[in-house]
Amino acid sequence: MTFEEYAFARASALLRLARLLTGDEHRAEDLLQDTLARAYARWGRISRTEQPDLYVRRMLVNAHHSWWRRRSSREVLVTAVTERPGVSDETAEVAERDALWQLVRALPARQRTVIVLRYYEDLDDWTIAELLGCSTGTVRTHAKRALAALRERLGRDAAEPMGVF
């Protein structure tokens, strides 16, 4: 498979992963472009691996973590008051998903990465461990801590009358 064929076939899935990791469409596009540029330079070696997609995903995750470490790329989270919908409709579901996504974005980078790879990309612990270069136990620890933090925050928000996120 040539690099062009790979990029054409997998670009949308890689962009989705980048969006989930960064939480920002424009930053995700930049991250993917940088990752694909690096992959192009190494494509001869990458294409000979058993799972080139796993290799490129790992490059994407590593590049995201490198960006996260840079001070200029850190996001400053601010509180925003949102209105809670009174009627159960599609806007309520969208608001709920958005609120949950804001909580996921507030997690530390490694925990957020594990949550994204596990629940949005539907990867198993072994694959996530391979992508992150750690043990499966570390993956499970990050997932457990992330879920505990999300549950705690969701419990607090439910107790607040006007839910400030």
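Visitor: What share of the contacts in the chain with a separation of 6 or more comes from residues 24 or more positions apart?
Guide: This is a predicted model. Contacts here have a separation of 6 or more, and those between residues 24 or more positions apart account for 64%.

Visitor: How many helices and strands does the chain have?
Guide: Read along the sequence, the pattern is α-α-α-α-α-α-α-α. The count is zero strands and eight helices.

Visitor: Which residues does Leu60 touch, not counting residues up to four places away in sequence?
Guide: Setting aside residues up to four places away, its partners are Leu14, Leu17, Ala18, Leu31, Leu32 and Thr35.

Visitor: Are α5 and α6 oblique or roughly parallel to each other?
Guide: Their axes come within 9 Å and cross at roughly 135°. Roughly parallel needs an angle under 35 degrees, and roughly antiparallel one over 145. The two helices are therefore oblique.

Visitor: How many charged residues are in the contact of α5 with α6?
Guide: From α5 come Trp101, Val104 and Arg105; from α6 come Arg112, Ile115, Val116 and Tyr120. By class, five are nonpolar and none is polar; the number charged is two.

Key: Residues numbered from 1 in each chain as written. Predicted model: local features only at pLDDT ≥ 70, side-chain atom pairs only at ≥ 80, totals over all residues. Heavy atoms only, no water. Helix = DSSP H or I, 4+ residues; strand = E, 2+ residues; numbered from the N terminus. Contact = heavy atoms within 4.5 Å. Axes fitted to C-alpha atoms, helices over the stretch in contact; angles between N-to-C directions. Parallel < 35°, antiparallel > 145°, perpendicular 65-115°, else oblique. Nonpolar A, V, L, I, M, F, W, Y, C, P; charged D, E, K, R; others polar.
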